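Here are my notes for a colleague opening this entry for the first time. Please read them with the sequence and model in view.

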Amino acid sequence: MAFEFDPDLIFKEGAVAIAKKLGVVKLYGIWDDGRCTCGNPEHRVGGGAEVQCGKHPQGKNWQNRAATTEEELSGWCDTTRPFNIGIILGPRSGVIDMEWDADEGRAYAESMGLTEIETPTYISGRSEHRLFLWDDRLSGCSAVVKPGGLEVRLGTGELGAQSVLPPSWHWSGVRYRWKPGFSLEDVAFAPLPEVLLRAIVNDVDSGKQLATSQFSSRHLLHTVVEKGARHPYLRSYITRKVFLHPLYLQESAQADMIVEIMAVNEKRCRPAKTEQEVLALFHSCVEYRRKMEERQEVIPTTDAGLAEIAEKIDEAVVPPQAPVSGYALQGLKWATVDGWPAGEWLPGDWSIRMVHSDPPEIVLCVPAWNDTPCKGQVAFAFGEFRSAKMVAAKVFEATRRVLLDGDGKEWQTIWKGQEGNSKRPKLAGLVEKLLIKKQRTDDVYVGTSSLRYATLAGYLLEAFARAKQPKEDKPEPDKSGRPCWVRPGELWLGWVKTWEEIGRAHDVAAGERVRMKRLLCERLGVDDFREGRHTFGSAKLSYVIFTPDWIEAVEEFAAGGMGVEDCPPNTGMSEKNCGKKNRANVRIPRLETEVIDGQGVSVSG
Ligand SMILES: [Zn+2]
């Protein structure tokens, strides 16, 4: 039956959204007969405003009343009055929503590559909604923008915006539902493609009469600019000067421009940028224009055109003082640092992989070394990896040719970073940058190997071993979600919570937790975990229930008996370890005594 109200289902989906740090908004629902619960007679199926039916938030100030905890959500679910749920968008939740329904929108989306991107996606009455990561550069845009026929809900400003979320009912009689394989639990939020982000931001600018850029080139002449904003304003100002000067390549013209620019820098920038920084920017602009002319491109003279150029200056021009270095040949990427002419080196093509062998190893992967004896992969013990000197030595040994520490001091700074002081900024080292990069990407080998899942199952068993016994008089699960025996043969736990705790001691990616769940369900031949709910005062919490067959499955996995065999070569791991991890040596105390069913414990599934 259409519009059947199922608070348990709403709780379940809403809790996932909350676990992903999204704010959940309570919307009006739809009665069995198709009326919106708000009471407006036009808000009904077949009514004048049927598109509003069950789609708008309840109450004023809803932007600031979104549920962010399971307790709040659970409080809402204690009702028989239908309601739908939405998520709050924009900086409040960290995500934005995009959809398109006309051919124009689809064509534009395809041209931007949007249909290829994996990001949480759900299906509504008329179209697909894709959730992307919020980006602070969108702050100046309106709450909803429509580039190229897309509808992008940004949720900026006081008013904010929300999008209806599965499993809400759509007035057409279908539920909103996640696209298979693209739910919040399946995939992580993707960032907006840079090109679309620019299109959105520039679209906003083109609507304004005067300033064509967020950083007007004239601004600096009239206003003091603080640290943080100095670079873009100075860049706009210098671009304008250089691009509008007919004799910009003449030495005397350049000398005059530099005097003027220096004066403005002194007067308006707080604190003023160094002479060296200003000169670097100036030369970048000169070089950029010269190259454009060399390529016979049209030199812009309008505010809009100049603003566009100014934004490209940083990325397109390698400033004259950029180090000409072998590091770029190895695939590292040089980047400018505001206030630090030496810049910094980013991982570029470099990445690392963890191998959970005993002892664990870190494998440095560098495509530029594919044709050397190490085939682009060099393995390190953790201790070695922390030492710039040892890394350089081992890389030379493995590649037989790459010398990273030709300048030992420079390599030390690149690898380990530098402490900041009054004269120089604090910079992270490559070690740290590589670790951060690794956390952002799914570690394919480690994430799918038997060995890895044996390790993960071992962690889970350790958590089970710590499970609490319930109080004899009142058997109930642990309020915080830690594993707890509630009845004989029933271990109740919050799945996400349990992995959060494991994550404090071990390196676990969110994707691995999801995959572990899938593997367990596959092994047991079911679609989903068995779930239970428990009421603490006004809060109704949801748990997964592990019975002995589930625990056995985890034990099997820990013993390496799950048959996911895919050990690639070159990981430094010996063949015999592949897929055979020592059975985790953990005994799980089971609750043997019969107990009376606890009050408030309800079981479904
Ligand atoms: Zn209504």
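1. Buried residues make up 35% of the 605 residues in the protein chain. A residue is buried if 20 or more other C-beta atoms lie within 10 Å of its own, exposed if 12 or fewer, and partly exposed in between, with C-beta atoms placed from the backbone. This is a predicted model: local features need pLDDT of at least 70, side-chain atom pairs count only at pLDDT 80 or more, and totals for chains, interfaces and linings use all residues. Residues are numbered from 1 along each chain as its sequence is written.

2. The protein chain holds 19 helices and 23 strands. Helices (H or I, at least four residues) and strands (E, at least two) are DSSP runs, numbered from the N terminus. Take contacts between residues at least 6 apart in sequence: 64% of them join residues at least 24 apart. Two residues are in contact if their C-beta atoms, placed from the backbone, lie within 7 Å.

3. Look at helix 8 (residues 275-294). Its 20 residues should span 28 Å at 1.5 Å a residue, and the end C-alpha atoms are 28 Å apart, which agrees. The expected span is 1.5 Å times one less than the number of residues.

4. Which residues of helix 8 are buried? They are Glu 277, Val 278, Leu 281, Phe 282, Ser 284, Cys 285 and Arg 289. They cover an arc of only 155° around the axis, so they sit on the same side of helix 8. The arc is that of the directions from the helix axis to the C-beta atoms. The face turned away from the buried side carries the exposed residues Glu 275, Gln 276, Lys 291 and Glu 294. Just after helix 8, Gln 296 takes a positive phi of about 55°.

5. 3 strands form an open sheet in the order 1-2-8, with antiparallel pairing. Strand 1 (24-28) and strand 8 (162-164) are the edge strands, and each pairs on one side only. The twist averages 40° from one strand to the next. Strand 2 (residues 83-88) pairs with strand 8 over 3 bridges. Two strands pair if DSSP finds at least two bridges between them. Ile 87 has Ser 163 in strand 8 as its bridge partner.

6. Last, a helix pair. The axes of helix 12 (residues 388-399) and helix 13 (residues 408-416) come within 9 Å and cross at roughly 105°. The contact involves Ala 388, Val 391 and Ala 392 of helix 12, and Trp 411, Gln 412, Trp 415 and Lys 416 of helix 13.

Terms used:
Axes fitted to C-alpha atoms, helices over the stretch in contact; angles between N-to-C directions.
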